[in-house]
Amino acid sequence: MAERLEIAVEDRQADAGPVVFIRVTGEVDLANADQLADALRGDGVRDAAGVVLDLRGVPFMDSSGLRVLLMAVKEPAPVVTVIAPDSPVARLLELAEVTDRVPAYTDEEKAIDGITASGSRRDG
Amino acid sequence: MAAVTAESPERAELDLELPSHARSVGLAREAVVDLARRAGAPVDEVKLAVSEAVGNAVMHAFRDTAPGAITLQARQEPDRLVVTVADDGRGMSPNLDSPGLGLGVSLITRLALDVRFDSSDHGTTVSMSFPATAGRERV
């Protein structure tokens, strides 16, 4: 059952610039999706080059959380990437056919590479 | 929350009444998991579909009206699990101020073997079925 999400935020420096890591733990649904949205609007996010949303600790997400992800990646900046390897979140992204908009990376390194690549495309 | 769960070796059923509140989404999901597992139904698909159906009812059924009740029923049949989510709200209608119904409905149609939406001024009922292998073995 969805309770309050555990959300840990960490600022890091990557080649692309400052990156905000947001690690989420818990099931995401209508009862707590606002928490996820708030985290993606949190301190430092606006000025970051990218946000890595680590969803490896999310055993369940429904369209409430998916809507938050889709809103986040729609913003022109920062670049938002998601870590969700072989997980229910990855399955949800595939089911909703949004993997082109919200690619799920398998680890932190690849997620940061995704930010760098997206930033390069935008700059170019 | 009023819950009635009738169980027998041959068939398991679930009948649950929930308030129109966001917390009910998780409660409904939790309630249906055990039945889905015992029925041999795809648990992740059932959980997601129930979450979407109850979430839609919470978000849309009682818009501009007093909060009402949402009923979750599930029953095991020989080769399928039938899950029904019903509310006594205002029925399905477009709401430009609160988009999102489309995404949940789209997911439900992709998750369930078949799905039926019945909507009127007296509420909406979503009936979904999923393949269930446990019942087939007993028949």
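Helices (H or I, at least four residues) and strands (E, at least two) are taken here as DSSP runs, numbered from the N terminus. On that basis chain B holds four helices and six strands, and from the N terminus on its elements follow one another as β-β-α-α-β-β-α-β-β-α. The model is a predicted one, in which local features need pLDDT of at least 70 and side-chain atom pairs count only at pLDDT 80 or more, while totals for chains, interfaces and linings use all residues. Residues are numbered from 1 along each chain as its sequence is written, and chains are lettered from A and ligands numbered from 1 in the order in which they are written.

A residue is called buried if 20 or more other C-beta atoms lie within 10 Å of its own, exposed if 12 or fewer do, and partly exposed in between, with C-beta atoms placed from the backbone. Of the 139 residues that make up chain B, 42% are buried in this sense. Two residues are in contact if their C-beta atoms, placed from the backbone, lie within 7 Å; among the contacts in chain B between residues at least 6 apart in sequence, 69% join residues at least 24 apart.

Helix α1 of chain B covers residues 23–39. The expected span of a helix is 1.5 Å times one less than its number of residues, so the 17 residues of α1(B) should span 24 Å, and the 25 Å between its end C-alpha atoms agrees with this. Buried residues of α1(B) include Ser24(B), Leu27(B), Arg29(B), Val32(B) and Ala39(B). After α1(B) comes Gly40(B), which has a positive phi, near 75°.

In chain A, five strands form an open sheet in the order β1-β2-β3-β4-β5, with mixed pairing, where two strands pair if DSSP finds at least two bridges between them. Its edge strands, each pairing on one side only, are β1 (6–14) and β5 (104–105). β1(A) runs antiparallel to β2(A) (residues 17–25), and nine bridges join the two; Val9(A) stands opposite Ile22(A) in β2(A).

Where the chains meet, 15 residues of chain A are in contact with 20 residues of chain B. On the side of chain A that touches chain B, α2 (63–74) and α3 (88–95) of chain A each supply at least two residues, and α2(A) gives the most, with four residues.
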